Amino acid sequence: MPVQRLNHAVLYVRDVARSVAFYADALGFRTVMSAPGAAFLQAPGSSNDHDLGLFEVGPNARPSPAGQGAVGLYHLAWEVDTLDELERIQGRLVELGALVGASDHATTKALYAKDPDGLEFEVFWAVPGGRSVPTRALDLEGELARRGVTMR
């Protein structure tokens, strides 16, 4: 079965309570389960068991070196349904001092922010019909034939 979508992400953070409060304030996530040093959050309207897992590693944890001569994750991206919602979140990220950038990618309108541990994330709105290449109807039978595969 091919991958359909990302179900959740898990982050190591210095202080779980601080990160829970941030993601609740910034993006409206709610805690669905917690244990000492761990929390599992769900985004508004999500049907996932959880969308974000947080594990505490303590206040002395070093910043991630990813992208600074080390491999690692650059950012997570969460999609919102409307441009109005993107605007609302932008205001909240500004209030929290978390907004670090914004980009127009033609197919998406994106905000970039950092959480209290400096981990970057993106919140974006996908432009309806915004495609980097024109979309056309799929001719699956023709594609299969071109590649030497017959229909079942």
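Predicted model: local features only at pLDDT ≥ 70, side-chain atom pairs only at ≥ 80, totals over all residues.
Reader: Which residue does the side chain of Asp-117 meet in a salt bridge?

Author: The general idea is that a side-chain nitrogen of Lys or Arg must lie within 4 Å of a carboxyl oxygen of Asp or Glu. Here the partner of Asp-117 is Arg-14, with a distance of 2.9 Å from N to O.

Reader: What does the pair of Arg-14 and Asp-117 tie together?

Author: Arg-14 sits in the loop between β1 (9–13) and α1 (16–27), while Asp-117 sits in the loop between β7 (108–114) and β8 (120–126), so the pair links parts that are 103 residues apart in sequence.

Reader: How many salt bridges does a search of the whole structure find?

Author: The search finds five. One of them joins Glu-85 to Arg-88, whose closest N and O atoms are 2.7 Å apart; both residues belong to helix α2 (residues 83–95), where they are three residues apart, about one turn of the helix.

Reader: Are Glu-85 and Arg-88 buried, exposed or partly exposed?

Author: Glu-85 counts as partly exposed at 27% relative accessibility, and Arg-88 also counts as partly exposed, at 43%.

Reader: With which residue does Asp-104 form a salt bridge?

Author: Asp-104 pairs with Lys-109, and their closest N and O atoms are 2.7 Å apart. Asp-104 is exposed, with a relative accessible area of 55%, whereas Lys-109 counts as partly exposed at 24%. Elsewhere, salt bridges with shared partners join Arg-14, Arg-18 and Asp-117 into one network.

Technical notes:
Residues numbered from 1 in each chain as written. Heavy atoms only, no water. Helix = DSSP H or I, 4+ residues; strand = E, 2+ residues; numbered from the N terminus. Buried < 20%, exposed > 50% of the residue type's maximum accessible area, 1.4 Å probe, protein only.
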